[in-house]
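Look at the sequence and the model below.

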Amino acid sequence: MLTELFLAGRYLKPRRSAVSLITVLSILGVTLGVAVLIVVLAVMTGFTDLMKEKLIETQAHFQVRPLYGGVIYDPDEAVKAVEAAGGRGAPVLESPVIVQLGKSLDPRVIMFGTSAENLLKFGIFKADTLKEGKLSLDRGEIVISEDMARRWNVRVGSKLLLHTQQRLTRLVDFKPEGGVELNRNASAYLPAEFVVSGIYSVGKYDFDRTFLFVGSDDAADLLTLPWGAATAIFGWGPDPFDQKELIGKVRDALSHLRVVTWEEDNRQLLGVLAVEKNMMFFLLIFIVLVAAFSIMNTLITSVYQKTREIGILKALGASDCCTTFIFIFQGFLIGVLGSITGTLAGVLVIFYRNDIMDFASKTFHVELFPKQFYYFDGLPAHIVATDVLIIVGASIALCTLGALLPALCAARLDPAKALRYE
């Protein structure tokens, strides 16, 4: 094998011929394919990891909810069950609301009723989350996001009005035959007025655009619920990625309620990200496949150019197997060289990815990473050693297989005919 490997390396040495140029281009083809695969899979992995991180930062590790919707009127029992299982829990009130400023309404908002202590205790708000004002949810106070402040043109100390569907729907009755009429038994109501006490930014676009925070008692009044009630129990465990045992204990203790983990709650999103990563690998591996066909073409040309050398080798006693391995090793070496340079190029691109993206955006005047679609300020990336090994292994395997046909052609050469025609 050492002899075959030595001869394969000698055949790959650059010479002033078309074959050597095609060999260099073949290596560049493998380099490009490997680099593109590493960059794309690293970005997809980084995007998925950062998305999971943001989801965990802005969501509970699991939620305890009523089986068929509704309200938990005695949340203390559920909180105690969560704590007995080894987790931490807090009752919350969550509901869509309509924000009114003057004569304009904004229905794209979800109210989150809890205490400022819970926001800090469970890590939803960190030290740098609050941008202006203070994190205070006393009676009549509200905390909104920077996106909302810009959208509504308000600041700390401004006043907002909140409407809830529970209050609005009580004003009218739906007729059995269709249509609506004024509910004469319902008393008129005024929307709840709140003063902006703080402005926050979590850094996740959809969260910042949607959630505002009020105190638990104010939320209960808006939802016409008794104080102390909850629409859900938010729970946190020691490890959000390994909480099977904890969730099992909570479900056993609270069989009359529904327990949903953050992964189950975001199953569709996480599933789409996993499918996209697999599809990108499947599609981009064709770049390496094209390079493998280029290697095949190069080695076929090399076989015909080296007919005399092959004839001499076989006349000296080289077996068909020996001749086959010489050209298979050529494909293997091209795959190894292309994979090494491709890996280095991919890592380099990942390291300077944001600089490259900024340069391309400024040059072509195109926003390559819009926040409204991807939620993040920069391009995330995470190189996983397993992914790199799979890419390199697949590339070397394809290049080696690409050399199989030329190797078989070389093995079938008759040494007498090869030397006679030369």
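A residue counts as buried when its relative accessible area is under 20%, as exposed when over 50%, and as partly exposed in between. Keep in mind that this is a predicted model.

Start with Trp-262. Its relative accessible area is 1%, so Trp-262 is buried.

**Ring pairs**

The model holds 15 aromatic pairs. One of them joins Phe-241 and Trp-262: the planes stand at 90°, so this pair is edge-to-face. It links distant parts of the chain. Phe-241 lies in the loop between β11 (232-236) and α9 (244-253), while Trp-262 belongs to helix α10 (residues 262-265). The two are 21 residues apart.

Phe-282 and Phe-286 make another pair, and their planes are also at 90°, so it is edge-to-face. Both residues sit in helix α11 (residues 267-305). They are four residues apart, which means about one helical turn separates them.

| Pair | Distance between ring centres | Angle between planes |
|---|---|---|
| Phe-241 and Trp-262 | 5.6 Å | 90° |
| Phe-282 and Phe-286 | 5.7 Å | 90° |

Ring pairs also build a cluster. Its members are Phe-112, Phe-122, Phe-125, Tyr-200, Phe-207, Phe-211, Phe-213, Phe-234 and Trp-236.

**At the surface**

How does Phe-282 count, buried or partly exposed? Its relative accessible area is 47%, so Phe-282 is partly exposed. Phe-286 has 40% relative accessibility and is partly exposed too.

Phe-282 and Phe-286 also belong to a nonpolar patch on the surface. Val-275, Met-279 and Leu-283 complete the patch. Together, these residues have about 480 Å² of accessible area.

Technical notes. Residues are numbered from 1 along each chain as its sequence is written. This is a predicted model: local features need pLDDT of at least 70, side-chain atom pairs count only at pLDDT 80 or more; totals for chains, interfaces and linings use all residues. Side-chain values use heavy atoms; hydrogens and water are left out. Rings of Phe, Tyr and Trp (its six-membered ring) pair if their centres lie within 6.5 Å; planes under 30 degrees apart count as stacked, over 60 as edge-to-face and the rest as tilted. Buried means under 20% relative accessible area, exposed over 50%, partly exposed in between (1.4 Å probe, protein chains only). Patches are made of residues with over 30% relative accessible area and no salt bridge: like charges are joined within 9 Å, nonpolar side chains (Val, Leu, Ile, Met, Phe, Trp, Tyr) within 5 Å. Accessible areas come from the Shrake-Rupley method with a 1.4 Å probe; for residues, only the protein chains shown count as cover. A salt bridge is a side-chain nitrogen of Lys or Arg within 4 Å of a carboxyl oxygen of Asp or Glu.
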